[in-house]
Amino acid sequence: MRILSIETSCDETAISLIETNGDFPTASYKILGNTLFSQINIHREFGGVFPALAKREHISTLIPLLRKTLTEASENNSDLAKALALNKKEDKAGLSPATKEKLAEILSHETAMLDEIFTFFQEFKTLPVDLIAVTEGPGLEPALWVGVNFAKALAYFYQIKAVGVDHMEGHILASIFSETDEKLLTLEFPSLALLVSGGHTEMILIENWSSYKKIGKTRDDAIGETFDKVARMLGLPYPGGPEISRLAKIAREKNLPSFVKLPKPMLHSGNFDFSFSGLKTAVLYSIKDKTLNEEEKQALARDFEETAISVLVGKLKTAILENSVNSVVVGGGVSANQFLRQEINNLKNLADFSFLEIHLPAKNLTTDNSLMIALAGHKRKDEAQSPSNFILTTKASGNKSL
Ligand code: KG4
Ligand code: ZN
């Protein structure tokens, strides 16, 4: 089965084409094409992701990216190359007015991509793909719609089934995907997922592949968002997570003295919820009316990073023991954080946690990507809808009981 996947939930536009062999979760997955365009440079001057701009960029990037994915896939698979080349040679007749009208209706909020998609469809009359998977949420509503409507247009024109998938489920699957084995690693149930990104901080208890239970979430800012805001206070560019991490590492290497003692919000709250806005405010107060030199910034970055991560790991430890889980899966953009990875790996050295299987995503799969959407699409393939009765829509705050 070939799956084409589309991700546009935030500031990354990504398209993959994979070939699956077998059933979820034991199937093998061959990556035929995998492309991504990051909008970070465009959003940097605004200090964060600007939804209207993200939408515009997704609109202008999707078709070039689809072309790139198909080219890459053709290089990796001669059958696919033949099928696509054949399509190209077919009659050059234009699309019928009825088809154009229908596409204009589907893409009524993405009219800027209409001419380009007409040209694409004229060139590629069929697409050798069995399923389209698209992120339906959670994410930025205007950005999500572009991907979903693009998926609808492709599904309608090529008469392919499509399925909306949950971005967070994608992050979970990305963390257990082994690119060398082209397989998902076995997840030892019950498992606990710690999902940490720019928009989310959640703990999800996975009893089995069809039962997710959210046992904790942030009550205010997400962890990635907090890194970004603290970075901004220190005059560092967006996205702030990697910047804070870089300064914190220097502070550790230099063994700089502490700049400020920060609170560890809700560490002992008796539940698994998080709150990071108090920590953010404490950082703000600590620098009020001060001009920090480089070493003070480095020390503060480290104090903040270590405090925030000790809350995450502290709560994770309690949740592991209380729920008798056998494994932990960490996913989302913040899982790129070296200090967090180290602290989580160090759990294995503690007698209480030596049994624990730990799954951290490969570095290239920590941030948003479309490979994870293809994997989630395979998991949800039976929920796919045929193009004649689409109810494909966006779910900005997520679904699939995650
Ligand atoms: O999952 P993701 O790519 O997008 C969302 O779905 O939000 O996560 C992006 C977030 C940003 O807040 C970014 O600052 C953070 O992940 N991030 C990091 C690191 N790398 C990215 N946070 C801390 N340390 C890092 N090394
Ligand atoms: Zn994400």
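Which side chain has an N or O atom 3.1 Å from an oxygen atom of ligand 1? The side chain is that of D368, and the views below place this residue in its surroundings. The model is predicted, so local features are given only at pLDDT of at least 70 and side-chain atom pairs only at pLDDT 80 or more, whereas totals for chains, interfaces and linings use all residues. Residues are numbered from 1 along each chain as its sequence is written, chains are lettered from A and ligands numbered from 1 in the order in which they are written, and side-chain values use heavy atoms, with hydrogens and water left out.

**View 1. Polar contacts of ligand 1.** A polar contact is a pair of N or O atoms within 3.5 Å. An oxygen atom of ligand 1 lies 2.9 Å from a polar backbone atom of G333. For G224, the distance from a polar backbone atom to an oxygen atom of ligand 1 is 3.2 Å. On its own, ligand 1 has 560 Å² of accessible area, of which the protein covers 89% (Shrake-Rupley method, 1.4 Å probe).

**View 2. The shell around ligand 1.** Around ligand 1 there are 19 residues, of which G198, D228, G241, G333 and N337 come nearest (a residue is near if one of its heavy atoms lies within 4 Å). By class, the shell comprises 12 polar, 5 nonpolar and 2 charged residues; Gly counts as polar, and Asp, Glu, Lys and Arg count as charged.

**View 3. The zinc site.** The zinc ion (ligand 2) is coordinated by H167 (NE2), H171 (NE2) and D368 (OD) at 2.1 to 2.2 Å. Donors are N, O and S atoms within 2.8 Å of the metal (3.2 Å for Na, K and Ca), and sites may look incomplete because water is not among the atoms. Along the chain, the donors follow the spacing H-x3-H-x196-D. H167 belongs to helix α7 and D368 to the loop between β12 (357-359) and α13 (371-379), so this pair ties together parts that are 201 residues apart in sequence. Helices (H or I, at least four residues) and strands (E, at least two) are DSSP runs, numbered from the N terminus.

**View 4. Backbone features in loops.** The peptide bond from F24 to P25 is cis, with omega near 5°, and P25 is placed in the loop between β2 (12-21) and β3 (28-38). F189 and P190 are also joined by a cis peptide bond, with omega about -10°; P190 lies in the loop between β7 (183-184) and β8 (191-196).

Methods
Polar contact = N/O pair within 3.5 Å; in protein donor to acceptor, adjacent residues only side chain to side chain.
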